[in-house]
Amino acid sequence: MDLLDSIMSSMDKPPSLSEKERTLIKMQKDVIEKKQNEEKERLKRFKERVEAKLTSHFKNPKNIMLKFDPMDQIQRSIVHEAAETHNLLSYAFGTDGVDRYIRVYSRDNPPCEDELAARRRGEPWNEEVRQQLLKNRERERLEAMEPIKKPKKLVPNTNYKDKYAHLIGQDAALKAAKKTESNKSYGFVPSENKRDVRSIEQTMADIKAKRLKLNADRDEVK
């Protein structure tokens with residue numbers, strides 16, 4: 001006998017089950033198996049009802065869609081499978097565990113992307129909604145095709161030339177309103193007008209004449 005056999009023989013053997021314990025375990029297994037068989041049978045009957053409903057409903061060409069009540073994930077998988085078997089289209093909408101349901105469509109009349117998007121958002125969908133959506137898209141298309149409008153030229157409410165006409169006359173107002181070309185070096189006044197071209201003698205004589213005239217005017221006032 002080797003070491004391993006020696007160790008195994010020295011270990012206590014697991015206690016044997018009593019007859020009562022074996023009976024209880026067997027009963028538990030039977031209950032679980034029975035529930036599983038019942039669930040399989042229930043799902044089988046559910047699948048048969050779904051297939052019968054699909055066959056009966058879509059036998060009429062006028063029926064293009066069938067809505068099922070909210071159901072759990074296992075039942076939804078059965079509906080999807082049955083719809084595929086019958087060459088139909090199936091889509092699930094709603095919140096899982098709350099109100100998720102299935103709509104089955106005929107392949108000859110599949111739902112448009114707008115309908116699928118609306119139902120996934122939980123919004124209603126009918127012919128009125130579809131027509132309104134088409135109108136909105138057509139309006140947006142026409143607006144996009146319109147050329148970019150140029151900004152309107154601002155026109156003052158009053159003519160600024162007439163504002164000063166009664167003070168300086170109509171002709172002077174028109175001349176003052178003309179655009180003045182700027183001089184790059186000296187602004188709006190021509191440089192020729194800024195240069196004094198008189199000689200020194202002439203300048204001194206002009207100053208003396210102005211002083212004499214000013215004194216004469218003062219004497220007349222006295």
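## Basis

The model is predicted: local features need pLDDT of at least 70, side-chain atom pairs count only at pLDDT 80 or more, and totals for chains, interfaces and linings use all residues. Residues are numbered from 1 along each chain as its sequence is written, and side-chain values use heavy atoms, with hydrogens and water left out.

## Largest pocket

The largest pocket has a volume of about 200 Å³. A pocket here is an open set of points on a 1 Å grid over the protein atoms alone, where a 1.4 Å probe fits, with protein on both sides within 12 Å along at least five of seven lines. Grid points are joined across faces, edges and corners, and the volume is the space filled by probe spheres set on the points.

Lining residues, which have an atom within 4 Å of a point, number 13 for the largest pocket, and the closest to its centre are Ile-64, Tyr-105, Pro-111, Glu-115 and Trp-125. By class, the lining has seven nonpolar, two polar and four charged residues. Nonpolar covers Ala, Val, Leu, Ile, Met, Phe, Trp, Tyr, Cys and Pro; charged covers Asp, Glu, Lys and Arg; the others, Gly among them, count as polar. Helix H4 (113-120) and helix H5 (127-145) each supply at least two residues of the lining. Helices are DSSP runs (H or I, at least four residues), numbered from the N terminus.

Side chains of opposite charge can pair when their charged atoms come close. With a salt bridge defined as a side-chain nitrogen of Lys or Arg within 4 Å of a carboxyl oxygen of Asp or Glu, the count comes to 11.

Lys-26 and Asp-30 form one of these, at 3.4 Å from N to O. Both lie in helix H2 (residues 19-57), four residues apart, about one turn of the helix. Lys-26 counts as exposed because its relative accessibility is 53%, the cut-offs being under 20% for buried, over 50% for exposed and partly exposed in between (1.4 Å probe, protein chains only). Asp-30, at 37%, counts as partly exposed.

Glu-39 and Arg-42 also meet in a salt bridge, at 2.6 Å from N to O. This pair lies in helix H2 too, three residues apart. Glu-39 is partly exposed at 32% relative accessibility, and Arg-42 is partly exposed at 32%.

Arg-137 forms a salt bridge with Asp-114, with the closest N and O atoms 2.6 Å apart. The pair links distant parts of the chain, 23 residues apart: Arg-137 is in helix H5 and Asp-114 in helix H4. Arg-137 is partly exposed at 41% relative accessibility, and Asp-114 is partly exposed at 23%.
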